[in-house]
Amino acid sequence: MNHIIAPDLIGTLLSVGIALATAVVMLIVGHSLVKSVAGDPMARRVRALNDRREQLKAGVAASKTRRRAKMEKKTRISVDRMKAILGSMKMLQDSQLKTAALNLSRAGIRTKDAAITVIFFRLVAPIMIGGTAAIGVYLLHWFPDASAFKQYMIVAGSLLTSYKAPDIVVKNLITKRQQAIRKALPDALDLLVICAEAGLSVDAAFNRVARELTKAYPELGDEFALTAIELGFLTDRRQAFENLAQRVNLDSIRGVVTTMIQTEKYGTPLAAALRVLSAEFRHERMMRAEEKAARLPAIMTVPLILFILPVLFVVILGPAACSIKDNIMK
């Protein structure tokens, strides 16, 4: 009986491993595809924003390099194919495209092609991963001992997970970017206060702070650089600040944006308001650190009971137990 069960168990484990490997490969391919469509890294993006600002001032478009043009051509062909497939299936709606583009911009990816890629991968991933799970469960009999309901739940779970995987990845990127921006905001406000007290205008202050934050905090430096560009060519300066709040989607950034709008409208002192905001944000950051430190003893209770105390008891009571056993045996 044991010889019969063991091969079935090994075959089931191999099938589960193949399914998990397929899912991981699909997630890696989708993530790399989004990154390839997204374009250059953070430092190159900031330089591209500065170059675009100079182009807008001069009124001419700079010529692209041969390598960049070749890469953009390949990317454009792939995106056009995705767009044609989605358009033929009536799945490329404007509202859905705007929502995906907004979420990607909050994650630091601002190309419209990336939104098409995410929507396309949301369509393809359930077909490939869910189809693989359905073929494996119902045709290849990966889980022969499972009931019909369990087999259905495995296939349905694969479909749902593969459909939500792009949104989960984008949401994770948004969360990490927001945490980095929240951490960098007090220092950025201090730099803005210094620039305002030195007599720089709001445009020049944002541009200067963006250059200073490029290495230490590239996420916030990228946002400030884009805001400085929008302040330079948008007719309504309020729209540039509102775009910043919409891209970042943080309460602290909304407070800064409200302060900047009030300063532009009523002429209130900018340095004093930013200094107060910087002190508040530093206090909030300290409170969050103290909250994590206060939560640490409760979190460490379970590992302490399961892993540390048993070893400690063995080390302390082990020699005593051995001595008692030797005395009893004598």
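1. Helix α8 has 16 residues and reaches 23 Å from its first C-alpha to its last, close to the 22 Å expected at 1.5 Å a residue. The expected span is 1.5 Å times one less than the number of residues in the helix. Helices are DSSP runs (H or I, at least four residues), numbered from the N terminus.

2. The model is a predicted one, in which local features need pLDDT of at least 70 and side-chain atom pairs count only at pLDDT 80 or more, while totals for chains, interfaces and linings use all residues. Residues are numbered from 1 along each chain as its sequence is written, and side-chain values use heavy atoms, with hydrogens and water left out.

3. Rings of Phe, Tyr and Trp (its six-membered ring) pair if their centres lie within 6.5 Å; planes under 30 degrees apart count as stacked, over 60 as edge-to-face and the rest as tilted. Phe206 and Phe224 form an edge-to-face pair, at 4.9 Å centre to centre and 65 degrees between the planes. This pair links distant parts of the chain, since Phe206 lies in helix α7 (residues 202–216) and Phe224 in helix α8 (residues 218–233), 18 residues apart. Both Phe206 and Phe224 are buried.

4. Phe206 also forms a tilted pair with Phe241, at 6.0 Å centre to centre and 50 degrees between the planes. Because Phe206 lies in helix α7 and Phe241 in helix α9 (residues 237–248), this pair ties together parts that are 35 residues apart in sequence. Phe241 is buried, as is Phe206. Phe206, Phe224 and Phe241 form one aromatic cluster.

5. Leaving aside neighbours within four places in sequence, Phe206 is in contact (heavy atoms within 4.5 Å) with residues including Leu192, Thr227, Ala228, Leu231 and Met260.

6. The largest nonpolar core has 38 residues, and Phe206 and Phe224 are those with the most contacts inside it. Such a core is a set of buried Ala, Val, Leu, Ile, Met, Phe, Trp, Tyr and Cys residues joined through side-chain atoms within 4.5 Å. Helices α6 (148–197), α7, α8, α9, α10 (251–266) and α11 (270–329) each supply at least two residues of this core. Helix α6 gives the most, with eight residues.

Key:
Buried < 20%, exposed > 50% of the residue type's maximum accessible area, 1.4 Å probe, protein only.
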